[in-house]
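User: Hey, I've just been handed this one and I'd like a quick tour. Can we go through it piece by piece?
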Amino acid sequence: MYGWARMMQTRQLDEETSARALDAIVRNANAQVQLIDDLLDVSRVINGKMRLDIRPVDVNEAVRAALDAVGPAAVAKRQNIEAVLDPSGTVVNCDPGRVQQIVWNLVMNAVKFTPAGGHVKVVLSRTGDRVEIVVSDSGQGFRPTSCRMCSIDSASGTAPARERTAGLGSALRS
């Protein structure tokens, strides 16, 4: 981002390169904003001050919104994002912003670590009163032994009470 900004300051870039530079700057600034928001959220969870807006939400819509936000990054890497959403209805009580944030983070990581021309797949399914979102990709992945923490304690109920009350309940499985 800094490199592109410095190059633009010289005013020696053609129009196409300037547009590409500006897109890269905006894309990276958005990623930095998301990173800062995520860090603030971690702080809120740790301090038991996370606020959730729980209401009936169609999770399909939250997933679509996250995919719309990540789409330009996938296009830039010539990646295909496939979404398999449950047509039977996925309305559950949750915080739509948090669901969108979780999906955004998972899909953005898949895009980031999948080589150019790769494939990212997002599957949303419903089982009873629960929904499951699975993000997979054609990237190299990692060995399960290299993952020190592949779940968040609040998902298993082993976190201290102040952390469990944040209600995030998300987990990673290798």
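This is a predicted model: local features need pLDDT of at least 70, side-chain atom pairs count only at pLDDT 80 or more; totals for chains, interfaces and linings use all residues.
User: Where does Cys-94 lie?

Analyst: Cys-94 lies in strand 3. Local features need pLDDT of at least 70, side-chain atom pairs count only at pLDDT 80 or more, totals for chains, interfaces and linings use all residues, and side-chain values use heavy atoms, with hydrogens and water left out.

User: Okay. Is Cys-94 buried or exposed?

Analyst: Cys-94 is buried, because its relative accessible area is 12%. Buried means under 20%, exposed over 50%, and partly exposed in between, using a 1.4 Å probe and protein chains only.

User: What does Cys-94 touch?

Analyst: Beyond its neighbours within four places in sequence, Cys-94 contacts Asp-53, Ile-54, Arg-55, Val-57, Val-59 and Val-99. A contact means heavy atoms within 4.5 Å. Ile-54 is 40 residues away from Cys-94 in sequence, yet their C-alpha atoms are 4.6 Å apart.

User: Let's zoom out. How many helices and strands does the chain have?

Analyst: The chain has 6 helices and 5 strands. Reading from the N terminus, the order is α-α-β-α-β-β-α-β-β-α-α. The chain has 174 residues, and 28% of them count as buried. If you take contacts between residues at least 6 apart in sequence, 68% join residues at least 24 apart.

User: Which residues have the most contacts inside the largest nonpolar core?

Analyst: Those are Val-59, Val-63, Cys-94, Val-99, Val-103, Val-107 and Val-111, in a core of 21 residues. A nonpolar core is a set of buried Ala, Val, Leu, Ile, Met, Phe, Trp, Tyr and Cys residues joined through side-chain atoms within 4.5 Å. Two or more residues each come from helix 3 (59-76), strand 3 (91-94), helix 4 (96-113) and strand 4 (119-127). Helix 3 gives the largest share, 8 residues.

User: And what does Val-63 touch?

Analyst: Setting aside residues up to four places away in sequence, Val-63 touches Leu-85, Val-103, Val-122, Leu-124 and Ile-133.

User: Tell me about helix 3, then. Where is its kink?

Analyst: The kink is at Val-70, shortly before the proline Pro-72, and comes to about 40°. That bend is the angle between axes fitted to the seven residues ending at a position and the seven starting there. Helix 3 has 18 residues and reaches 26 Å from first C-alpha to last, close to the expected 26 Å. The expected span is 1.5 Å times one less than the number of residues.

User: What caps the N-terminal end of helix 3?

Analyst: Asp-58 does, with a side-chain oxygen 2.9 Å from the backbone nitrogen of Asn-60. At the start of helix 2, a side-chain oxygen of Asp-14 comes to within 3.2 Å of the backbone nitrogen of Glu-16.

User: What follows helix 3?

Analyst: Arg-78 follows helix 3, and its phi is positive, near 55°. Most residues other than glycine have a negative phi. Arg-78 counts as exposed because its relative accessibility is 61%.

User: And Gln-79, buried or exposed?

Analyst: Gln-79 is buried, with a relative accessible area of 9%. Gln-79 is in the loop between helix 3 and strand 2 (80-84). The side chain of Gln-79 reaches the backbone oxygen of Pro-115 at 3.4 Å.

User: Last one: what does Trp-4 touch?

Analyst: Trp-4, in helix 1 (residues 2-9), touches Thr-17, Arg-20, Ala-21, Ala-24 and Ile-25, not counting residues up to four places away in sequence. The C-alpha atoms of Trp-4 and Thr-17 are separated by 9.6 Å, with the two residues 13 apart along the chain.

Technical notes:
Residues are numbered from 1 along each chain as its sequence is written. Helices (H or I, at least four residues) and strands (E, at least two) are DSSP runs, numbered from the N terminus. A polar contact is a pair of N or O atoms within 3.5 Å; within protein, one must be able to donate a hydrogen and the other to accept it, and residues adjacent in sequence count only if both atoms are side-chain atoms.
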